[in-house]
Amino acid sequence: LKTVHDRPGFIEKDYSFSAEMLEVMIAELNRLIDKYDSPEWNTKATANRIVSLLVEHRAVIQIELNEVNSGVRKLGEKDFLGPKERERRRRAEEDKERESDD
C-alpha cells in the first residue's frame, strides 16, 4: 500500500494547514473516536486499533494546531489555508495597500 509518504522528496513540514482546517480535522477525529470507542464498537479488536491510531493522529494534529496558533509554524501562500484564513490575508493586504496609498 503506497501513501503520500512514499512520494520522492516528501517532507511533511513542507506544507501546513491553517488553524481553521486543523480544528475541523480534530472535530472529525473526535467524532470517529467517540463512535468507535462506544459500547457498540469497543468490543471489536479492529475498532480498538482504529481508536488507538485516531487518538495518536489527533495528538499530532493538536501539536500542529498549537504551533500555528503560537506562530511557531508560519503559514505561506502555498499552504492549505482555508477560506477564513485566505479572507483574513486578503483584507490585511488591502489594508496595507490603502495605508501605502495615503
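Trainee: Which residues are linked in a network of salt bridges here?
Mentor: That network holds Glu 77, Glu 85, Arg 86, Arg 88 and Arg 89. A salt bridge here is a side-chain nitrogen of Lys or Arg within 4 Å of a carboxyl oxygen of Asp or Glu. Keep in mind that this is a predicted model, where local features need pLDDT of at least 70, side-chain atom pairs count only at 80 or more, and totals for chains, interfaces and linings use all residues. Numbering starts from 1 along each chain as its sequence is written, and side-chain values use heavy atoms, leaving out hydrogens and water.

Trainee: Okay! Why would such side chains pair up at all?
Mentor: Side chains of opposite charge can pair when their charged atoms come close.

Trainee: And how many salt bridges does the count come to?
Mentor: The count comes to 11 salt bridges.

Trainee: Let's zoom in on Arg 89. How far apart are its closest N and O atoms in the salt bridge with Glu 77?
Mentor: In the bridge between Arg 89 and Glu 77, they are 3.1 Å apart. Arg 89 belongs to helix α3 while Glu 77 sits in the loop between α2 and α3, so this pair ties together parts that are 12 residues apart in sequence. Helices here are DSSP runs (H or I, at least four residues), as strands are (E, at least two), numbered from the N terminus.

Trainee: What about the salt bridge between Arg 89 and Glu 85?
Mentor: For that one the closest N and O atoms are 2.9 Å apart. Both residues are in helix α3, four residues apart, which is about one turn of the helix.

Trainee: Is Glu 77 buried or exposed?
Mentor: Glu 77 counts as exposed, at 53% relative accessibility. The cut-offs are under 20% relative accessible area for buried, over 50% for exposed, and partly exposed in between (1.4 Å probe, protein chains only).

Trainee: And Glu 85, buried or exposed?
Mentor: Glu 85 is buried, with a relative accessible area of 13%.

Trainee: Which residue forms a salt bridge with Asp 95?
Mentor: Arg 98 does, and the closest N and O atoms of that pair are 2.3 Å apart. Asp 95 and Arg 98 are three residues apart in helix α3, so about one helical turn separates them. Asp 95 is partly exposed at 36% relative accessibility, and Arg 98 is partly exposed at 47%.

Trainee: Stepping back, how many helices and strands are there in the protein?
Mentor: You'll find three helices and zero strands. Starting from the N terminus, the elements run α-α-α. Buried residues make up 25% of the 102 residues.

Trainee: New topic: aromatic rings. How do you describe a pair of them?
Mentor: You give the distance of the centres and the angle of the planes. Rings of Phe, Tyr and Trp (its six-membered ring) pair if their centres lie within 6.5 Å, with planes under 30 degrees apart called stacked, over 60 edge-to-face and the rest tilted.

Trainee: How many aromatic pairs does that rule give?
Mentor: It gives four aromatic pairs. Take Tyr 15 and Phe 17: their ring centres are 5.7 Å apart and their planes are at 90°, so this pair is edge-to-face. Tyr 15 and Phe 80 also form an edge-to-face pair, 5.8 Å centre to centre with 90° between the planes.

Trainee: Which residues form one aromatic cluster?
Mentor: Tyr 15, Phe 17 and Phe 80 form it. Phe 17 is buried at 17% relative accessible area, while Tyr 15 is partly exposed at 25% and Phe 80 is partly exposed at 42%.

Trainee: Now the nonpolar core. Which residues in the largest one touch the most other members?
Mentor: Out of its 15 residues, those are Leu 22, Ile 61, Leu 65 and Val 68. α1 and α2 each supply at least two residues of this core. A nonpolar core means a set of buried Ala, Val, Leu, Ile, Met, Phe, Trp, Tyr and Cys residues joined through side-chain atoms within 4.5 Å.

Trainee: What does Val 68 touch?
Mentor: Leaving out residues up to four places away in sequence, Val 68 touches Phe 17, Ala 19, Leu 22, Arg 73 and Leu 75. Contact means heavy atoms within 4.5 Å.

Trainee: Last one: where does Lys 84 lie?
Mentor: Lys 84 lies in helix α3, and it counts as exposed at 64% relative accessibility.
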